[in-house]
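Hi there,

Here is the structure I promised to pass on to you. Please open it beside this email, and my notes on what turned up follow below.

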Amino acid sequence: MTRKARFESLQPFGILSAAGTEGGREAEVEIVYQRELSSNYMVLRGPEISAAPGFECQMLADNEIEGLLRFRVRRTGTSVEFCYEITSRQPLSRILMNRKLRGEDIRRIVRGLLRTVGTVQDYLLDERGILLSPDCVYADPDTMEAQFCMVPGYQADFCEDLTAFLKFLLEKTDHQDADGIMTAYHLYEESRRENYGMADLTRCLEQQEARASPAVPEEEWQGMEADEPVLPKRPPDEPGYRTGESPVRETVPPEKGKERPAGRSLRKVLAKGALVLTAAEILIWYLRGLRGLMPLGLLPPVFYAGFAALAILKSRGSMPEYRESPSGRTGRAGRYAVPEEDWRIQPVTPKEEARRTEERRMRQMEQSFAEGTVVLGRTCEGAGLILEPEKRSLEPIHVGYTPFVLGKHPELTDFCVREETVSRMHARIDLEQDRYSVTDLNSTNGTRVNGRMLAANETTELADGDFLELGDTGYRVRYGNRRG
């Protein structure tokens, strides 16, 4: 697949430097995706590519730098091409089409970027050559470990691009994950400060890691940023999470430094007085006997009776008040009705997460149909395309909406093909002008249509009766009854 793009489209956040201009005009860069045996490459071509500094090219080609896509220079005649290996990886923009980021995903991506920036500087390279476009950041779909593309000789406003990249992560964060929202928001806000640096982002990231770590006492990370509100640690699937309601009514404990009630102080004074008086009576009885207690008369019994009456009245006045919660349960005012550890976000298995994702998708579809709303470009009545498997052990695939992703990853695909030669995100089916097409998604074993191997990211049309192969798994293409 070949396409031409300016450096602006390569980096949609608007970066363009002198290395991307030629004769006072913007120079174009040709992006080609190629397959060599079982490896896939993203190839950059263009006049400014040939003019890149030789030192940076040699340093990137001779060293496998952690956090960067593997790089090599290929010369064809008088032109130079930059080749980046993207095998088994997907661009971040593609992964996040069907997936939302959680707190740990964001921290892993940003931590990897900061580590890459430090490593690049150790090799005497300029971090401004790192492209932060979501289309050029390739990640592992399972671990979300990201690798970045560095273009020798390319210089951009790295701080501005990093702010745009963190904004993109914030927009793609799961809004039901309090940890993710807090992490993405604080990192984005830190990047908006004037003259911020990598040390500031590292400090902010460490604070968010400490906040999310159950091994760190709550008092420690609360003191890191005293002027910020602390969000409650509640699981995202609890009722009322989005609206701020909770299943059990809770009240916030008294603020530190707040003046204590006068009644409580009075009770403490009386209790201390009774203790001192009792000790004095025991001492007098020990030294002088019962005759020594006679001058005190009725003072001790009256004092004790008054203290007991006051304690009874205060205890009645401070009886816990039970209030009705939005969910119909009762909670005790002035105390936490549920232990704090019960609110902590519990890890879920990939199978459970896939089930929840499918349930949310079905609820959204049912709500859309009930409201008479059709999601544009996604749904059609009936199965628009049917893929009949060659193997009898497999079930047919009914493509009822587009884009439709095929692969063996249960969370990132619309249909899971559990075959060894099928990649996690193998191919995507699209619909345009009543014609279906298939795009290879950097698959390891490739995608074939009627025996022809598609290049990485290449798109080709699917006709009725075509034979589609995902690795060594074949399907016969059948156009179904489709009414848009």
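Helix α7 passes helix α8 in a right-handed crossing, where right-handed means that the near helix is turned clockwise from the far one by less than a right angle, and left-handed means anticlockwise. This is a predicted model, in which local features need a pLDDT of at least 70, side-chain atom pairs count only at pLDDT 80 or more, and totals for chains, interfaces and linings use all residues. Residues are numbered from 1 along each chain as its sequence is written, and side-chain values use heavy atoms, with hydrogens and water left out.

Back to that helix pair. α7 covers residues 178–191 and α8 covers residues 198–212; they pack at an angle of about 165°, with their axes 10 Å apart. Axes here are lines fitted to C-alpha atoms, for helices over the stretch in contact, and angles run from 0 to 180 degrees between N-to-C directions. Angles over 145 degrees count as roughly antiparallel, and α7 and α8 are therefore roughly antiparallel to each other. On the α7 side, D179, M182, T183, H186, L187, E190 and S191 make the contact (heavy atoms within 4.5 Å). Their partners in α8 are D200, L201, R203, C204, L205, Q208, R211 and A212. By class, this contact of α7 with α8 has six nonpolar, four polar and five charged residues. For the classes, Ala, Val, Leu, Ile, Met, Phe, Trp, Tyr, Cys and Pro count as nonpolar, Asp, Glu, Lys and Arg as charged, and the others, Gly among them, as polar.

α8 also packs against helix α5 (residues 103–122), at an angle of about 150° and with the axes 11 Å apart. The crossing of α5 and α8 is left-handed. From α5 the contact takes R107, V110, R111, L114 and V117, and from α8 it takes M198, L201, T202, L205, Q208, E209 and A212. Those residues divide into seven nonpolar, two polar and three charged.

Now for the strands. Helices (H or I, at least four residues) and strands (E, at least two) are DSSP runs, numbered from the N terminus, and two strands pair if DSSP finds at least two bridges between them. An open sheet of six strands runs in the order β16-β15-β25-β24-β21-β22, with antiparallel pairing. Its edge strands, each pairing on one side only, are β16 (397–399) and β22 (452–453). Three bridges link β16 to strand β15 (residues 385–389), and L387 stands opposite I397 in β16.

Another open sheet has three strands in the order β8-β10-β11, again with antiparallel pairing. β8 (90–91) and β11 (146–147) are the edge strands. Two bridges join β8 to β10 (residues 138–139), with P91 opposite Y138 in β10.

Two backbone details may interest you. Most residues other than glycine have a negative phi, and most peptide bonds are trans. M144, in the loop between β10 and β11, has a positive phi near 60°. The peptide bond from T402 to P403 is cis, with omega near -5°, and P403 is found in the loop between β16 and β17 (404–407).

Last, how confident is the predictor? The chain averages a pLDDT (the predictor's confidence in each residue, from 0 to 100) of 75, and 63% of the residues score at least 70. pLDDT stays under 50 over residues 1–27 and over residues 221–259. Where pLDDT is low, the predicted coordinates should not be read in detail.

Best wishes

How values were computed
Angles under 35 degrees count as roughly parallel, over 145 as roughly antiparallel, 65 to 115 as roughly perpendicular and the rest as oblique.
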